[in-house]
Amino acid sequence: MSDDITIGAQIAGVFRSIAETRMDGVPILNPELSVEVVGLQEWKEQWFCVLITPWFMNLMLLSDQPVPYTEAANGEKCSVEPPCGPVTFLRGGTEDFGMFQAHSIASPMDVYKTQNQVRAAARRALASMRTPPRPEPAPPPAQPVVSRRSLFNFAGRPLSSESSS
């Protein structure tokens, strides 16, 4: 597998270029934020991370073997099973990087005031993706159905009407 530094640098470089060209001057950009890859790690023969940009924060699945870009695959949904349970990702890509899978965490990014704040949010998102769901608590045991007659039959003693029959 390629190393994480190379993959992380490649995807960050592609999105820095997008920020400086196609996104330059777009009103949704948060000028306090920059492109950053957070928590890149190997997962199921792919790389998993959070990509922060001034306009979005996405969970990303990246292949270490370039998958040629195809416009036809953009927007296709795929389900991924990280430890937290099924998550829907969208396929996307660029000519420079190739194809990837992304799951939106936040967009636009105006709720974040600093890079440190968004980086902390990215780390929390990664931690939640690595955490298996807690099992649902078991329902309480069914309460036995008590008949009206047995309710008044204290300690199993026969009711006065039963003793006379």
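Predicted model: local features only at pLDDT ≥ 70, side-chain atom pairs only at ≥ 80, totals over all residues.
How many bridges join strand β3 to β6, and which way do the two strands run? There are 6 bridges between β3, residues 57-62, and β6, and the strands run antiparallel.

## The chain at a glance

The chain holds 4 helices and 6 strands.

The chain has 165 residues, and 37% of them are buried. Now take the contacts between residues at least 6 apart in sequence. Of these, 57% join residues at least 24 apart.

## The sheet

The 6 strands form an open sheet. Their order is β1-β2-β3-β6-β5-β4, and the pairing is antiparallel. β1 (36-43) and β4 (77-80) stand at the edges. Each has a single partner strand, so one side of each is left without a neighbour in the sheet. On average, neighbouring strands are turned by 35 degrees against each other, direction ignored.

What holds strands together in general? Strands of a sheet pair through backbone hydrogen bonds, either parallel or antiparallel.

## A helix across the strands

Helix α2 covers residues 115-129. It lies across β1, β2, β3, β5 and β6. Against β2 (46-52), helix α2 runs at about 145 degrees.

Q101 sits in strand β6. Is Q101 buried or exposed? The relative accessible area of Q101 is 14%. Buried means under 20%, so Q101 counts as buried.

Which residues does Q101 touch, leaving aside its neighbours within four places in sequence? Its contacts are Q46, L59, M60, L61, C78, V80, F89, L90 and R91.

## The largest pocket

Rolling a probe the size of a water molecule over the atoms shows where empty space is left. In this model, the largest pocket holds about 310 Å³ of space. Its lining has 19 residues. F56, N58, G92, F100 and A102 lie nearest the centre of the pocket.

Which elements supply at least two residues each to the lining? They are α1 (4-20), β5 (87-94) and β6 (98-106). β5 gives the most, with 7 residues. By type, the lining divides into 9 nonpolar, 8 polar and 2 charged residues.

Key:
Residues numbered from 1 in each chain as written. Heavy atoms only, no water. 1 Å grid on protein atoms, 1.4 Å probe; cavity = no way out; pocket = protein on both sides within 12 Å on 5 of 7 lines; lining within 4 Å. Points joined across faces, edges and corners; volume = space filled by probe spheres on them. Nonpolar A, V, L, I, M, F, W, Y, C, P; charged D, E, K, R; others polar. Pairing = 2+ DSSP bridges. Axes fitted to C-alpha atoms, helices over the stretch in contact; angles between N-to-C directions. Contact = heavy atoms within 4.5 Å. Buried < 20%, exposed > 50% of the residue type's maximum accessible area, 1.4 Å probe, protein only.
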